Amino acid sequence: MAATPVLKPLRWPRFWLALWWLAVLGTIVVCLIPPPSIPLPENSDKVEHFLAYFLLASAAVQIYQRRAALIWAAVGLVALGIGIEFAQGALTVNRMADPMDALANSMGVLAGMAIVFTPLRDLLVRLRG
């Protein structure tokens with residue numbers, strides 16, 4: 001019996017994987033550079049955190065085929081969200097660590113990974129990505 005490939009049968013699997021890793025890197029950069037001076041409603045950043053990690057996790061569902069790979073992606077994204085909060089508190093002077101941001105990140109990962117239980121899990125394959 002042949003082993004299941006890690007990546008889904010996409011037209012350009014390495015391209016999509018590289019794009020996903022670029023999005024992860026972009027998230028790190030955006031979270032560590034000085035924030036824009038745009039007035040936002042209080043705690044509206046929690047929605048941004050949730051959406052960013054929801055998109056990263058749901059993109060992982062589109063790319064990775066194996067359950068183990070998805071679990072590692074989910075664990076890695078949760079760890080990233082927590083680690084970024086620590087980094088914001090320790091490495092920046094214009095940002096602060098917020099446990100509620102880490103919670104919003106984690107909830108976004110869980111919601112994004114839940115896509116695996118819906119017909120949307122293979123959307124990129126069906127679109128011949």
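The protein chain of this predicted model carries 10 positive and 7 negative side chains, where Lys and Arg count as positive, Asp and Glu count as negative, and His and the chain ends are not counted. The centres of the two sets lie 23 Å apart, the place of a charge being taken as NZ of Lys, CZ of Arg, CG of Asp or CD of Glu. Residues are numbered from 1 along each chain as its sequence is written. Local features need pLDDT of at least 70 and side-chain atom pairs count only at pLDDT 80 or more, whereas totals for chains, interfaces and linings use all residues; side-chain values use heavy atoms, with hydrogens and water left out.

The protein chain contains five helices and zero strands, and its elements follow the order α-α-α-α-α from the N terminus. Helices (H or I, at least four residues) and strands (E, at least two) are DSSP runs, numbered from the N terminus. Taken along the principal axes, the box filled by the C-alpha atoms is roughly 55 × 25 × 20 Å. Among the contacts with a separation of 6 or more, 82% join residues 24 or more positions apart; a contact requires heavy atoms within 4.5 Å.

The accessible surface of the protein chain comes to about 8300 Å², and carbon and sulfur atoms account for 74% of this area. Accessible areas come from the Shrake-Rupley method with a 1.4 Å probe, and for residues only the protein chains shown count as cover. Of the 129 residues, 33% are buried. In these terms, buried means under 20% relative accessible area, exposed means over 50%, and partly exposed lies in between (1.4 Å probe, protein chains only).

The largest pocket holds about 720 Å³ of space. A pocket is defined on a 1 Å grid over the protein atoms alone, as an open set of points where a 1.4 Å probe fits, with protein on both sides within 12 Å along at least five of seven lines. Grid points are joined across faces, edges and corners, and the volume is the space filled by probe spheres set on the points. The lining, made up of residues with an atom within 4 Å of a point, comprises 26 residues, of which P35, D45, E48, H49 and R95 lie nearest the centre of the pocket. Two or more lining residues are given by each of α1 (13–32), α2 (45–63) and α4 (99–113). Helix α2 provides the largest share, six residues.

Helix α2 also contains L55, which is exposed because its relative accessible area is 54%. The C-alpha atoms of L55 and L19, 36 residues apart in sequence, are 12 Å apart in space.

Two residues were examined in the segment before α1. P9 lies in this segment and counts as exposed because its relative accessible area is 60%. Residues up to four places away in sequence aside, P9 touches Q65 and V125. P9 is 115 residues from L124 in sequence, yet their C-alpha atoms are 9.7 Å apart. W12 is placed in the segment before α1 as well, and its relative accessible area of 45% makes this residue partly exposed. Between W12 and A52, 40 residues apart in sequence, the C-alpha distance is 23 Å.

Towards the other end of the numbering, R126 belongs to helix α5 (residues 123–126) and is partly exposed, at 49% relative accessibility. Apart from neighbours within four places in sequence, R126 is in contact with P119 and L120. The C-alpha atoms of R126 and L10 are separated by 9.0 Å, although the two residues are 116 residues apart along the chain.
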